[in-house]
Amino acid sequence: MDNKTLYTIFFTDLQQRLIKSRPDLFTTRSISGKNWHRVCDLAPNAGLAWTFRAYGKGFDIGVYLKSSDRAENKSEFDRVFAHKKEIEARLDRLLQWDRQNEGDIKQSQIYIRTPGIITDPPEKLEELKKFVVEQTGRF
C-alpha cells in the first residue's frame with residue numbers, strides 16, 4: 001500500500017476511536033490521505049491536529065495557532081505560554097513549545113511528540129493509536 005492509503009486508514013480508525021471515547025467533543029472530519037489530520041477547531045485561528053513528521057521524526061499531537069498576521073500569532077502564543085506550568089501540570093507531561101520566530105512562518109505549535117511512522121508494524125501503530133486517543137482527550 002502507498003503512504004496516502006496508509007494515512008487514510010490510520011487517521012480514519014483513530015478518528016472513530018476518538019469520537020467513541022469523547023462524542024461530546026469530537027465529530028467526523030474529512031480524511032485527506034496526507035501525513036496530518038486536523039482533528040478539530042478550537043477557535044477561529046487555532047486547532048488541534050495529528051501529524052506524522054517527515055523523515056521518521058515522530059508523531060505529534062498538538063495545538064496550532066495560525067492566522068494571516070504573524071504578530072497576532074506570536075502574541076497569542078505568548079499569552080498561552082505564560083500559563084505553561086499550569087498547562088503542563090494539568091496534562092501531567094512536558095510539551096514542546098514552538099513559537100516560529102523565523103521567516104514567513106505564520107503558525108506556532110504546542111505539541112507532544114512521540115515515536116512513530118506510518119510504516120511501523122501494525123502492533124506498534126496500535127500502541128500509537130491508544131496513546132493518541134488518551135492524550136488527545138486530555139489536550
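Student: Why is Q15 called buried?

Tutor: Buried means under 20% relative accessible area, exposed means over 50%, and partly exposed lies in between, using a 1.4 Å probe and protein chains only. Q15 has a relative accessible area of 7%, which is under 20%, so Q15 counts as buried. Please keep in mind that this is a predicted model, where local features need pLDDT of at least 70, side-chain atom pairs count only at pLDDT 80 or more, and totals for chains, interfaces and linings use all residues. Residues are numbered from 1 along each chain as its sequence is written, and side-chain values use heavy atoms, leaving out hydrogens and water.

Student: Where is Q15, and what is Q15 in contact with?

Tutor: Q15 sits in helix α1, residues 3-21; helices are DSSP runs of H or I with at least four residues, strands are E runs of at least two, and both are numbered from the N terminus. Contact means heavy atoms within 4.5 Å. Setting aside neighbours within four places in sequence, Q15 touches T27, T28, R29, I31, H37 and W50.

Student: Why is R79 called partly exposed?

Tutor: R79 has 47% relative accessibility, which falls between 20% and 50%, so R79 is partly exposed. R79 belongs to helix α2, residues 70-81.

Student: What makes the pair R79 and E76 a polar contact?

Tutor: A polar contact is a pair of N or O atoms within 3.5 Å; within protein, one must be able to donate a hydrogen and the other to accept it, and residues adjacent in sequence count only if both atoms are side-chain atoms. The side chains of R79 and E76 are joined at 2.5 Å, within that limit.

Student: Why is D92 called exposed?

Tutor: D92 has a relative accessible area of 63%, and because this is over 50%, D92 is exposed. D92 lies in the loop between α3 (84-91) and β4 (96-98). Its phi is near 60°, a positive value in a residue other than glycine.

Student: How do you know that β4 and β5 pair?

Tutor: Two strands pair if DSSP finds at least two bridges between them. β4 and β5 have three bridges, in the antiparallel sense, and W97 has I110 in β5 as its bridge partner.
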